[in-house]
Amino acid sequence: MTENITAADASVDPSPPTPRRRRVKRVTASALVAVVVLGAGAFGASAAMHIPAPPTLVHLLTDAPSTQGQLFASRTVAAPAQARPLPVHPAPLPETVPWKGGRISASEFLDTTHSNAFMVLRDGAITHEWYRDGVGATTLNASWSVAKSIVSLLVGRAIESGKLAENERLVDVLPDLSTGGPYDSITIRDLLDMTSGADVSENYNPYFPFTGTARMYLTTDLAGFVRDHRGLQFDPGTEGEYRSVDTQLLGQAVAAAEGRPLSELLETGIWGPIGAQDDAAWNLDRAGGQEKAFCCINATARDFAKVGQLVLDGGRVGDTQVVPEAWIRRLSTPAAHAVSGWGYSAQWWHPTGGNGRDLSAIGVYGQYIYVDPASRTVVVKLSDHGTEQDEIDTIDVFRAIAAS
């Protein structure tokens, strides 16, 4: 593994719970083979099924997860005319970090977990910035489910402005989804805390790839998908169960309440105020369509780090309150129902162990925005790691860095 670091950046020092299956999963190779076999050459059939054309499906077999945002239509999230540079105060990482009951070097950790970008901020300054060969400070990396936590910030802004309320029913915002049955009782709070009970499986049978989250990722008609999936697995608000469809519904509700696409809300509400350095791209279900709220923001490590710093600073950038402080308290406090064995609140994870105050945005394949208020540390890790991604072991590395 080679380290690529700009002259202004800090350099790398060269020298528990079972992993859980959750979050947006890339369509598995066997599933995509089935898709390609079924649809090879059948462009008309793929359009009728509301999935991408066969060439895109083939690329999903071979392209790295971090680059798959290039395969789908997107809407630009423009950076402001004046970026807000992050100061650089280089500091070494620990010589070794904990890993699966032992100790390994920091460079071995980055290599073992197939990292593409790794950044540490302390008190708002970059202390460490690293990129693998072929990736740099301006490279857009796919967020996967880190997007969920960013959607949460947009929700907090909408609630503060009075355009949404946590106790509001989803169908009051999106009346086309009304069923006249139990589904109609789902609230914005249920969607935020993954307690909706919406029956869209996060884990799917690879021999039936057109179901659950896999189908939602592929569909070119997200509005039709959520209309067709209004069953319940359990009564809303009674338990926690990770479901990517909750965030998709949440994103659609925010866009409807605000009367603007999510990309525009992100651009004006967060990207501009944090002084993002680069344009981002939010993938859509189709050209001119709606954002995949549950997965697909493509941005640089530095700008993801600025999102983490925004949360660390209580929603403020300088003297400007960008996200309500009350919302930062909300997402920083675990909700009543755990999700997959961890604390969870407003689309942010509260990992087991540690000091009880740290929290993280997490996406499949090893995407993280980790925030530790106690040490004033933000860690961003963007990767092409496996679907199990060694989450708790990775968080333990972040905790060791924060404590160093």
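Colleague: In which sense do strand 14 and strand 15 pair, and over how many bridges?
Modeller: Strand 14 (residues 367-372) pairs with strand 15 in the antiparallel sense, over five bridges. Pairing needs at least two DSSP bridges between the strands; helices (H or I, at least four residues) and strands (E, at least two) are DSSP runs numbered from the N terminus. Keep in mind that this is a predicted model: local features need pLDDT of at least 70, side-chain atom pairs count only at pLDDT 80 or more, and totals for chains, interfaces and linings use all residues. Residues are numbered from 1 along each chain as its sequence is written, and side-chain values use heavy atoms, with hydrogens and water left out.

Colleague: What's between strand 14 and strand 15?
Modeller: Four residues, making a hairpin; Arg-376 in the turn has a positive phi of about 60°. Val-371 stands opposite Val-378.

Colleague: And which way does strand 4 run against strand 15?
Modeller: Antiparallel, with seven bridges joining strand 4 (residues 115-122) to strand 15. Arg-122 sits opposite Thr-377 there.

Colleague: How many residues of strand 15 are buried?
Modeller: Seven of its seven, where buried means under 20% relative accessible area with a 1.4 Å probe, protein chains only. Thr-377, Val-379, Lys-381 and Ser-383 are on one side, with Val-378, Val-380 and Leu-382 on the other.

Colleague: Switching topic: is Asn-298 buried or exposed?
Modeller: Buried, because its relative accessibility is 7%. Asn-298 lies in strand 8 (residues 297-299).

Colleague: Which residue's side chain does Asn-298 join through a polar contact?
Modeller: That of Asn-283, at 3.1 Å.  A polar contact is a pair of N or O atoms within 3.5 Å; within protein, one must be able to donate a hydrogen and the other to accept it, and residues adjacent in sequence count only if both atoms are side-chain atoms.

Key: Buried < 20%, exposed > 50% of the residue type's maximum accessible area, 1.4 Å probe, protein only.
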